[in-house]
Amino acid sequence: MRRFGRTLVTAALAVTLVGGTAGWASGDSQTAVTGPPPGTDAWRADTVSGRSLPDPATTAPREVAAFFAGLDDVARHRLLRSHPLVVGNLEGAPLPLRYEANRIAVAATGEARYASLAAPGRQILAFDPRGRGQVVEVFGDLERAEHVSVIVPGSDNDAAGYETRRKPATGPAGMARSLREATGAESGTGSGSGSGGSLAVVAWIGYTTPVGVGLDAADGRLARAGAARLARFTAGLDAVGAPDPVLFCHSYGSVVCGLAARHTDAADIVAFGSPGMRAATAAALRTEARVWAARGPSDWIADVPNVEFAGIGHGVDPTSAAFGARRVPAADVEGHTGYFVPGTQSLAAFATIAKGAAR
């Protein structure tokens, strides 16, 4: 009974801290956007050369890739023009086709908050306007990359706020650009040209993130939905011939990565500013990926108790010795979002991992 009482107290403390850490207000409960994209019913009803189209919900990305490989350019672009939201979000479809489809889909919304995503040179790999919106952007040449990294962010990230001005190197796009620059790859908006083709970085806001630091951030409901989408995304990378990715998982995004780990073919998984990965040890993630963890000395995430009780809390601190992850130096990181700031130990280590040079 005494142990049970301590557990209840710890769980209550976790809820209290997660709800009010650093003075943040608790966010509204979010409805996870799941399932295939808008327009799927029309896509399912369509055919090409008398053939049914691959079901976005059930067809494996490799089968999608094989389907498009059997089409000529005329048929591909007919599908793109008729079903841009489906083609733009269809894992396994050719990358240039998806970029073009998403330019059309973004413009079709007519919403000013999304307009910049359709600008020339942007490589939008996925776009879903439902809810707060989801967006996935590529920086670099994903078709020819020797190494691929994926930024999986935490709370308060969505398509609507993707272009919000932030401190440099703190938001998903800023982290992606900073990582490419740190590896010596060409910086830019993702045109894919120049000497940076050996490394592509993907800013992946492909799931419904929590808003603020409230109960959504303390439980695993949104993370479970996100994990399924992340696993399918990595299968899509594999289907188009991309290298096994490195997943850089920030804050609540590390919960998503923890739940998705065994379903991905990631080469490395890096958790930073993590509240836990819903696993007691790195081995319990059941992945062949190398698992890394970082936490800066002033990151407020350290104030969140590493417990999991009745679905609340995310478990063991990934930077603890008990968890067993490889440690990433982060002694000079400031705050919760400073891990990709140029000149930090963490960014230097991240660049080494991204290039496949870490030992």
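**Salt bridges and a buried serine**

S149 lies in strand β5, which covers residues 147–152; helices (H or I, at least four residues) and strands (E, at least two) are DSSP runs, numbered from the N terminus. This is a predicted model, in which local features need pLDDT of at least 70 and side-chain atom pairs count only at pLDDT 80 or more, while totals for chains, interfaces and linings use all residues. Residues are numbered from 1 along each chain as its sequence is written, and side-chain values use heavy atoms, with hydrogens and water left out.

**Around S149**

- S149 is buried, with a relative accessible area of 0%; buried means under 20%, exposed over 50% and partly exposed in between, using a 1.4 Å probe and protein chains only.
- Setting aside neighbours within four places in sequence, S149 is in contact with L179, L199, A200, V201, V202, V246, F248 and A354, where contact means heavy atoms within 4.5 Å.

- Side chains of opposite charge can pair when their charged atoms come close.
- A salt bridge here is a side-chain nitrogen of Lys or Arg within 4 Å of a carboxyl oxygen of Asp or Glu.
- D41 and R44 meet in such a bridge through their side chains, at 3.8 Å from N to O.
- Because D41 and R44 are three residues apart in helix α2 (residues 40–45), about one helical turn separates them.
- D41 is exposed, with a relative accessible area of 61%, whereas R44 is partly exposed at 40%.
- R44 also forms a salt bridge with D55, at 3.0 Å from N to O.
- That pair ties together parts 11 residues apart in sequence, because R44 lies in helix α2 and D55 in the loop between β2 (51–52) and α3 (61–69).
- D55 is partly exposed, its relative accessible area being 21%.

**The R295 pair**

- R295 and D317 form a salt bridge whose closest N and O atoms are 2.9 Å apart.
- R295 and D317 both lie in the loop between β9 (290–294) and β10 (326–327), so the pair ties together parts that are 22 residues apart in sequence.
- R295 is partly exposed, with a relative accessible area of 26%, while D317 is buried at 11%.

**Shared partners**

- Back at R44, salt bridges that share partners join D41, R44 and D55 into one network.
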